[in-house]
Amino acid sequence: MKRQIFTAEHEAFRQSVRTFLTKEVEPHYEQWEKDGIVSRDAWLAAGRQGLLGLAVPEEYGGGGNDDFRYAAVLHEEFTRAGAPGLAIGLHNDIIGPYLTSLATDEQKRRWLPGFCSGEIITAIAMTEPGAGSDLQGIRTTAEDRGDHWLLNGSKTFISNGILADLVIVVAKTTPEGGAHGLSLLVVERGAEGFERGRNLDKIGQKSQDTAELFFNDVRVPKENLLGELNGAFIHLMTNLAQERMAIAVAGIAAAEHLLEITTEYVKEREAFGRPLAGLQHIRFEIAELATECAVTRAFLDRCITDHTNGELDAVHASMAKWWATELQKRAADRCLQLHGGYGYMNEYRVARAFTDGRIQTIYGGTTEIMKEIIGRSLLG
(Lines give C-alpha, C1' and ligand atoms only; values in the text may rest on other atoms or scores of the structure.)
Protein backbone atom coordinates (compact mmCIF):
# COMPACT_ATOMS: atom_id res chain seq x y z
CA MET A 1 0.00 0.00 0.00
CA LYS A 2 1.32 3.39 -0.98
CA ARG A 3 1.91 5.67 1.99
CA GLN A 4 0.07 8.98 1.85
CA ILE A 5 1.32 10.95 4.84
CA PHE A 6 4.47 12.46 3.33
CA THR A 7 4.83 15.40 0.93
CA ALA A 8 7.58 16.09 -1.61
CA GLU A 9 9.34 18.18 1.05
CA HIS A 10 9.43 15.22 3.43
CA GLU A 11 10.86 12.97 0.71
CA ALA A 12 13.51 15.57 -0.14
CA PHE A 13 14.44 15.61 3.54
CA ARG A 14 14.62 11.80 3.46
CA GLN A 15 17.21 12.00 0.70
CA SER A 16 19.31 14.44 2.72
CA VAL A 17 19.17 12.08 5.71
CA ARG A 18 20.28 9.18 3.52
CA THR A 19 23.17 11.28 2.18
CA PHE A 20 24.21 12.10 5.75
CA LEU A 21 24.09 8.45 6.77
CA THR A 22 26.13 7.37 3.75
CA LYS A 23 28.78 10.01 4.26
CA GLU A 24 29.00 10.60 8.00
CA VAL A 25 27.72 7.45 9.72
CA GLU A 26 28.06 4.21 7.78
CA PRO A 27 31.85 4.47 7.11
CA HIS A 28 32.53 4.89 10.84
CA TYR A 29 29.85 2.76 12.47
CA GLU A 30 31.85 -0.42 12.93
CA GLN A 31 34.55 1.53 14.75
CA TRP A 32 31.96 3.23 16.95
CA GLU A 33 30.55 -0.18 17.85
CA LYS A 34 34.03 -1.34 18.88
CA ASP A 35 34.67 1.86 20.81
CA GLY A 36 31.30 1.73 22.55
CA ILE A 37 30.69 5.38 21.73
CA VAL A 38 29.95 7.66 18.78
CA SER A 39 32.42 10.35 17.75
CA ARG A 40 31.45 13.90 18.72
CA ASP A 41 32.33 14.83 15.13
CA ALA A 42 29.20 12.99 14.00
CA TRP A 43 27.05 15.19 16.21
CA LEU A 44 28.68 18.31 14.78
CA ALA A 45 28.12 16.95 11.26
CA ALA A 46 24.45 16.34 12.09
CA GLY A 47 24.20 19.93 13.24
CA ARG A 48 25.73 21.22 10.01
CA GLN A 49 23.29 19.07 8.02
CA GLY A 50 20.34 20.61 9.88
CA LEU A 51 19.27 17.36 11.53
CA LEU A 52 19.37 18.65 15.12
CA GLY A 53 16.67 20.79 16.66
CA LEU A 54 14.15 20.40 13.85
CA ALA A 55 11.40 21.86 16.05
CA VAL A 56 13.58 24.51 17.74
CA PRO A 57 12.74 28.09 16.69
CA GLU A 58 14.99 29.49 13.96
CA GLU A 59 16.18 32.32 16.19
CA TYR A 60 18.10 29.74 18.22
CA GLY A 61 19.53 27.95 15.19
CA GLY A 62 16.84 25.29 14.79
CA GLY A 63 14.61 24.25 11.93
CA GLY A 64 11.55 26.04 13.24
CA ASN A 65 9.28 23.19 12.14
CA ASP A 66 7.40 21.03 14.63
CA ASP A 67 5.92 18.74 11.95
CA PHE A 68 6.52 15.30 13.50
CA ARG A 69 6.65 13.72 10.05
CA TYR A 70 10.20 15.02 9.65
CA ALA A 71 11.14 13.31 12.90
CA ALA A 72 9.48 10.14 11.62
CA VAL A 73 11.64 10.27 8.49
CA LEU A 74 14.76 10.52 10.66
CA HIS A 75 13.73 7.51 12.75
CA GLU A 76 12.87 5.44 9.69
CA GLU A 77 16.13 6.14 7.89
CA PHE A 78 18.39 5.63 10.89
CA THR A 79 16.59 2.36 11.57
CA ARG A 80 17.00 1.16 7.99
CA ALA A 81 20.69 2.01 8.18
CA GLY A 82 21.04 -0.03 11.38
CA ALA A 83 22.53 2.95 13.18
CA PRO A 84 20.78 3.52 16.52
CA GLY A 85 24.04 4.54 18.22
CA LEU A 86 23.83 8.16 17.09
CA ALA A 87 20.88 9.03 19.32
CA ILE A 88 19.50 12.00 17.41
CA GLY A 89 15.92 10.91 18.14
CA LEU A 90 16.55 11.06 21.89
CA HIS A 91 18.10 14.51 21.50
CA ASN A 92 15.41 15.95 19.20
CA ASP A 93 12.17 14.27 20.15
CA ILE A 94 12.53 13.43 23.82
CA ILE A 95 14.77 16.13 25.30
CA GLY A 96 14.09 18.89 22.78
CA PRO A 97 10.46 19.45 23.84
CA TYR A 98 11.49 19.99 27.46
CA LEU A 99 13.84 22.78 26.41
CA THR A 100 11.51 24.44 23.89
CA SER A 101 8.37 24.30 26.05
CA LEU A 102 9.74 24.72 29.58
CA ALA A 103 12.95 26.74 29.37
CA THR A 104 12.99 30.45 30.14
CA ASP A 105 14.18 32.89 27.48
CA GLU A 106 17.55 33.07 29.24
CA GLN A 107 17.85 29.27 29.33
CA LYS A 108 16.94 29.04 25.65
CA ARG A 109 19.63 31.55 24.71
CA ARG A 110 22.12 29.63 26.81
CA TRP A 111 21.41 26.09 25.64
CA LEU A 112 19.48 25.91 22.36
CA PRO A 113 22.14 27.21 19.89
CA GLY A 114 24.57 24.50 21.03
CA PHE A 115 21.73 21.95 21.05
CA CYS A 116 21.16 22.66 17.35
CA SER A 117 24.82 22.82 16.32
CA GLY A 118 25.78 19.55 18.01
CA GLU A 119 28.13 21.28 20.44
CA ILE A 120 25.77 20.47 23.33
CA ILE A 121 24.74 16.80 23.53
CA THR A 122 21.86 16.09 25.88
CA ALA A 123 20.52 13.36 28.16
CA ILE A 124 17.63 12.94 30.57
CA ALA A 125 18.18 11.12 33.87
CA MET A 126 15.07 9.50 35.32
CA THR A 127 15.85 5.83 35.97
CA GLU A 128 17.53 4.85 39.23
CA PRO A 129 19.00 1.51 40.35
CA GLY A 130 15.97 0.86 42.57
CA ALA A 131 13.26 2.61 40.55
CA GLY A 132 12.48 1.90 36.91
CA SER A 133 9.09 3.12 35.74
CA ASP A 134 8.02 4.03 39.28
CA LEU A 135 8.51 7.78 39.71
CA GLN A 136 7.45 7.53 43.35
CA GLY A 137 10.52 5.39 43.97
CA ILE A 138 12.99 8.12 42.97
CA ARG A 139 15.49 8.81 45.74
CA THR A 140 17.69 11.47 44.17
CA THR A 141 17.14 14.63 46.20
CA ALA A 142 17.65 18.34 45.61
CA GLU A 143 17.76 20.45 48.77
CA ASP A 144 16.99 24.17 48.57
CA ARG A 145 20.06 26.08 49.78
CA GLY A 146 18.92 29.57 48.98
CA ASP A 147 20.84 30.50 45.83
CA HIS A 148 21.27 26.91 44.63
CA TRP A 149 20.00 23.34 44.88
CA LEU A 150 22.20 20.71 46.52
CA LEU A 151 21.76 17.57 44.43
CA ASN A 152 22.53 14.06 45.70
CA GLY A 153 21.75 10.66 44.22
CA SER A 154 22.47 8.34 41.31
CA LYS A 155 20.91 7.35 37.99
CA THR A 156 21.45 4.39 35.70
CA PHE A 157 20.77 3.29 32.09
CA ILE A 158 21.20 6.90 30.93
CA SER A 159 21.47 7.14 27.14
CA ASN A 160 24.15 9.64 26.00
CA GLY A 161 25.41 9.42 29.59
CA ILE A 162 29.09 9.61 28.66
CA LEU A 163 28.88 12.27 25.94
CA ALA A 164 26.19 14.47 27.47
CA ASP A 165 27.05 18.11 28.13
CA LEU A 166 23.63 18.86 29.58
CA VAL A 167 21.61 16.42 31.68
CA ILE A 168 18.01 16.97 32.75
CA VAL A 169 17.81 15.30 36.17
CA VAL A 170 14.57 14.25 37.84
CA ALA A 171 15.00 14.91 41.56
CA LYS A 172 12.86 15.01 44.66
CA THR A 173 12.47 18.63 45.81
CA THR A 174 9.60 18.06 48.25
CA PRO A 175 10.19 14.78 50.16
CA GLU A 176 6.57 14.35 51.25
CA GLY A 177 5.19 15.02 47.77
CA GLY A 178 5.75 11.56 46.27
CA ALA A 179 5.60 11.64 42.49
CA HIS A 180 4.22 15.17 42.73
CA GLY A 181 7.24 16.41 44.70
CA LEU A 182 9.67 16.05 41.80
CA SER A 183 11.39 18.76 39.76
CA LEU A 184 13.62 18.92 36.69
CA LEU A 185 17.10 20.31 37.25
CA VAL A 186 19.66 20.84 34.49
CA VAL A 187 23.19 19.73 35.36
CA GLU A 188 25.93 20.88 33.01
CA ARG A 189 29.24 19.22 32.16
CA GLY A 190 31.98 20.12 34.61
CA ALA A 191 29.72 20.69 37.63
CA GLU A 192 31.66 19.80 40.79
CA GLY A 193 30.43 16.53 42.28
CA PHE A 194 28.90 15.33 38.99
CA GLU A 195 30.57 12.05 38.05
CA ARG A 196 29.98 9.48 35.34
CA GLY A 197 30.28 5.79 36.03
CA ARG A 198 31.17 3.15 33.51
CA ASN A 199 29.88 2.98 29.98
CA LEU A 200 27.50 0.07 30.48
CA ASP A 201 28.13 -3.16 28.55
CA LYS A 202 24.88 -3.89 26.69
CA ILE A 203 23.92 -6.80 24.43
CA GLY A 204 23.07 -4.40 21.60
CA GLN A 205 23.37 -0.78 20.50
CA LYS A 206 27.02 -0.94 21.51
CA SER A 207 27.91 2.47 20.09
CA GLN A 208 25.12 4.21 22.02
CA ASP A 209 26.88 5.27 25.23
CA THR A 210 24.74 4.33 28.22
CA ALA A 211 26.04 5.20 31.66
CA GLU A 212 25.59 5.44 35.37
CA LEU A 213 25.56 9.00 36.72
CA PHE A 214 26.42 10.11 40.25
CA PHE A 215 25.60 13.39 41.96
CA ASN A 216 27.52 14.09 45.16
CA ASP A 217 26.66 17.48 46.69
CA VAL A 218 26.32 19.03 43.24
CA ARG A 219 25.50 22.75 43.46
CA VAL A 220 22.87 23.38 40.79
CA PRO A 221 22.15 27.10 40.26
CA LYS A 222 18.58 28.17 40.90
CA GLU A 223 18.39 29.39 37.29
CA ASN A 224 18.84 25.77 36.14
CA LEU A 225 15.39 24.73 37.36
CA LEU A 226 13.51 23.64 34.24
CA GLY A 227 9.78 24.26 34.31
CA GLU A 228 7.74 24.51 37.50
CA LEU A 229 8.99 23.64 40.96
CA ASN A 230 7.50 20.24 41.86
CA GLY A 231 6.07 20.08 38.35
CA ALA A 232 8.21 17.27 36.91
CA PHE A 233 5.44 14.66 37.00
CA ILE A 234 3.16 16.72 34.76
CA HIS A 235 6.07 17.74 32.52
CA LEU A 236 7.14 14.11 32.09
CA MET A 237 3.62 12.88 31.36
CA THR A 238 3.12 15.63 28.77
CA ASN A 239 6.11 14.52 26.70
CA LEU A 240 5.71 10.74 26.97
CA ALA A 241 3.36 10.42 23.97
CA GLN A 242 6.01 11.76 21.61
CA GLU A 243 8.73 9.58 23.14
CA ARG A 244 6.59 6.50 22.66
CA MET A 245 5.67 7.47 19.12
CA ALA A 246 9.35 7.88 18.25
CA ILE A 247 10.06 4.37 19.53
CA ALA A 248 7.03 2.96 17.71
CA VAL A 249 8.07 4.55 14.41
CA ALA A 250 11.48 2.91 14.72
CA GLY A 251 9.77 -0.37 15.61
CA ILE A 252 7.66 -0.66 12.47
CA ALA A 253 10.53 0.59 10.28
CA ALA A 254 12.76 -2.14 11.71
CA ALA A 255 10.14 -4.86 11.12
CA GLU A 256 9.64 -3.72 7.52
CA HIS A 257 13.38 -3.66 6.84
CA LEU A 258 13.83 -7.12 8.34
CA LEU A 259 11.04 -8.38 6.10
CA GLU A 260 12.72 -6.80 3.08
CA ILE A 261 16.19 -8.27 3.65
CA THR A 262 14.80 -11.67 4.63
CA THR A 263 12.59 -11.84 1.54
CA GLU A 264 15.68 -11.27 -0.62
CA TYR A 265 17.67 -13.83 1.37
CA VAL A 266 15.16 -16.68 1.00
CA LYS A 267 14.95 -16.03 -2.75
CA GLU A 268 18.70 -16.53 -3.08
CA ARG A 269 19.44 -19.21 -0.46
CA GLU A 270 18.98 -22.80 -1.57
CA ALA A 271 18.10 -25.90 0.42
CA PHE A 272 17.34 -29.38 -0.90
CA GLY A 273 18.18 -28.23 -4.41
CA ARG A 274 15.85 -25.26 -4.64
CA PRO A 275 15.48 -21.73 -3.21
CA LEU A 276 14.04 -21.47 0.29
CA ALA A 277 11.31 -19.30 -1.21
CA GLY A 278 9.98 -22.41 -2.93
CA LEU A 279 9.03 -24.02 0.39
CA GLN A 280 5.45 -23.49 1.51
CA HIS A 281 6.45 -22.94 5.13
CA ILE A 282 8.77 -20.09 4.12
CA ARG A 283 6.09 -18.50 1.96
CA PHE A 284 3.63 -18.67 4.85
CA GLU A 285 6.15 -17.09 7.24
CA ILE A 286 6.79 -14.22 4.81
CA ALA A 287 3.06 -13.82 4.14
CA GLU A 288 2.26 -13.57 7.85
CA LEU A 289 5.02 -11.07 8.53
CA ALA A 290 4.13 -8.95 5.50
CA THR A 291 0.49 -8.80 6.61
CA GLU A 292 1.41 -7.88 10.19
CA CYS A 293 3.68 -5.11 8.89
CA ALA A 294 1.02 -3.76 6.53
CA VAL A 295 -1.66 -3.63 9.21
CA THR A 296 0.71 -2.05 11.74
CA ARG A 297 1.94 0.49 9.21
CA ALA A 298 -1.62 1.67 8.55
CA PHE A 299 -2.19 2.26 12.28
CA LEU A 300 1.22 3.90 12.81
CA ASP A 301 0.79 6.29 9.91
CA ARG A 302 -2.58 7.33 11.34
CA CYS A 303 -0.90 7.91 14.72
CA ILE A 304 1.87 9.96 13.06
CA THR A 305 -0.77 12.11 11.37
CA ASP A 306 -2.75 12.54 14.60
CA HIS A 307 0.38 13.46 16.56
CA THR A 308 1.42 15.97 13.89
CA ASN A 309 -2.02 17.56 14.27
CA GLY A 310 -1.82 17.55 18.08
CA GLU A 311 -4.61 14.98 18.37
CA LEU A 312 -2.82 11.83 19.58
CA ASP A 313 -3.69 10.79 23.14
CA ALA A 314 -1.61 8.79 25.60
CA VAL A 315 -3.67 5.63 25.13
CA HIS A 316 -3.15 5.39 21.38
CA ALA A 317 0.52 6.30 21.77
CA SER A 318 0.79 3.38 24.21
CA MET A 319 -0.99 1.08 21.74
CA ALA A 320 1.42 2.12 18.99
CA LYS A 321 4.47 1.66 21.19
CA TRP A 322 3.72 -1.80 22.51
CA TRP A 323 2.32 -3.22 19.29
CA ALA A 324 5.06 -1.94 16.95
CA THR A 325 7.92 -2.91 19.25
CA GLU A 326 6.53 -6.36 19.95
CA LEU A 327 6.16 -6.83 16.19
CA GLN A 328 9.77 -5.73 15.77
CA LYS A 329 10.83 -8.32 18.34
CA ARG A 330 8.85 -11.09 16.64
CA ALA A 331 10.14 -10.09 13.22
CA ALA A 332 13.75 -10.13 14.39
CA ASP A 333 13.33 -13.59 15.88
CA ARG A 334 11.51 -15.08 12.89
CA CYS A 335 13.81 -13.48 10.31
CA LEU A 336 16.92 -14.66 12.14
CA GLN A 337 15.46 -18.18 12.12
CA LEU A 338 14.85 -17.98 8.38
CA HIS A 339 18.51 -17.01 7.88
CA GLY A 340 19.56 -20.21 9.64
CA GLY A 341 23.12 -20.28 10.97
CA TYR A 342 24.03 -17.17 9.01
CA GLY A 343 21.50 -15.21 11.01
CA TYR A 344 23.62 -15.80 14.09
CA MET A 345 26.63 -14.11 12.48
CA ASN A 346 27.20 -10.45 13.25
CA GLU A 347 28.17 -9.75 9.63
CA TYR A 348 24.51 -10.23 8.72
CA ARG A 349 22.21 -7.29 9.40
CA VAL A 350 19.56 -9.54 10.93
CA ALA A 351 21.91 -10.55 13.77
CA ARG A 352 22.55 -6.99 14.86
CA ALA A 353 18.89 -6.10 14.43
CA PHE A 354 18.06 -8.94 16.82
CA THR A 355 20.26 -7.55 19.61
CA ASP A 356 19.91 -3.82 18.87
CA GLY A 357 16.12 -4.00 18.81
CA ARG A 358 15.55 -6.00 21.98
CA ILE A 359 15.52 -2.90 24.17
CA GLN A 360 12.57 -1.44 22.24
CA THR A 361 9.93 -3.23 24.33
CA ILE A 362 11.61 -2.00 27.52
CA TYR A 363 12.68 1.64 27.36
CA GLY A 364 10.12 4.42 27.06
CA GLY A 365 7.80 2.29 29.18
CA THR A 366 7.70 -1.49 29.03
CA THR A 367 5.06 -3.41 27.09
CA GLU A 368 3.47 -4.30 30.43
CA ILE A 369 3.22 -0.62 31.42
CA MET A 370 1.69 0.22 28.03
CA LYS A 371 -0.99 -2.45 28.52
CA GLU A 372 -1.70 -1.14 32.01
CA ILE A 373 -2.25 2.38 30.64
CA ILE A 374 -4.61 1.05 27.97
CA GLY A 375 -6.42 -1.25 30.39
CA ARG A 376 -7.00 1.51 32.93
CA SER A 377 -8.46 3.77 30.23
CA LEU A 378 -10.97 1.07 29.34
CA LEU A 379 -11.75 -0.43 32.74
CA GLY A 380 -11.00 2.36 35.20
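The largest nonpolar core has 59 residues, and Phe-78, Leu-86 and Met-245 touch the most other members. A nonpolar core here is a set of buried Ala, Val, Leu, Ile, Met, Phe, Trp, Tyr and Cys residues joined through side-chain atoms within 4.5 Å. This is a predicted model, where local features need pLDDT of at least 70 and side-chain atom pairs count only at pLDDT 80 or more, while totals for chains, interfaces and linings use all residues. Residues are numbered from 1 along each chain as its sequence is written, and side-chain values use heavy atoms, with hydrogens and water left out.

**The nonpolar cores**

- (Helices are DSSP runs of H or I with at least four residues, strands are runs of E with at least two, and both are numbered from the N terminus.)
- Helix 7 gives the largest share of this core, at ten residues.
- Skipping residues up to four places away in sequence, Phe-78 touches Val-17, Phe-20, Leu-21, Ala-83, Leu-86 and Ile-88. (Contact means heavy atoms within 4.5 Å.)
- There's also a second, separate core of 28 residues, with Val-56, Ile-168, Ala-179 and Leu-184 among them.

- Ala-42 sits in helix 3 and counts as buried, at 4% relative accessibility. (Buried means under 20% relative accessible area, exposed over 50%, and partly exposed in between, using a 1.4 Å probe and protein chains only.)
- Neighbours within four places in sequence aside, Ala-42 is in contact with Phe-20, Trp-32 and Leu-86. Ala-42 and Gly-118 are 76 residues apart in sequence, yet their C-alpha atoms are 8.4 Å apart in space.
- Thr-262 belongs to helix 7 and is buried, with 0% relative accessibility. Beyond its neighbours within four places in sequence, Thr-262 is in contact with Ile-286, Cys-335, Leu-338 and His-339.
- Glu-285 is part of helix 8, and its relative accessible area is 19%, so it counts as buried. Again leaving out neighbours within four places in sequence, Glu-285 is in contact with Arg-334 and Leu-338.

**The second largest pocket**

- This pocket holds about 400 Å³ of space. (On a 1 Å grid over the protein atoms alone, a pocket is an open set of points where a 1.4 Å probe fits, with protein on both sides within 12 Å along at least five of seven lines; lining residues have an atom within 4 Å of a point. The volume is the space filled by probe spheres set on the points, which are joined across faces, edges and corners.)
- Its lining has 21 residues, and Ala-55, Asp-66, Asp-67, Pro-97 and Gln-242 lie nearest the centre.
- Helix 4 (68-80), helix 5 (88-102) and helix 8 (280-308) each supply at least two lining residues, and helix 5 has the largest share, six residues.
- By class, the lining has seven nonpolar, eleven polar and three charged residues.

**What the UniProt record says**

- An unreviewed UniProt entry places "domain: Acyl-CoA dehydrogenase/oxidase N-terminal" at residues 7-119. That stretch is 66% helix and 0% strand, with its end C-alpha atoms 31 Å apart.
- The unreviewed entry also puts "domain: Acyl-CoA dehydrogenase/oxidase C-terminal" at residues 236-379. Here the chain is 76% helix and 3% strand, and the end C-alpha atoms are 24 Å apart.

Conventions. Nonpolar A, V, L, I, M, F, W, Y, C, P; charged D, E, K, R; others polar. UniProt positions renumbered as here; feature names shortened; annotations may be inferred.
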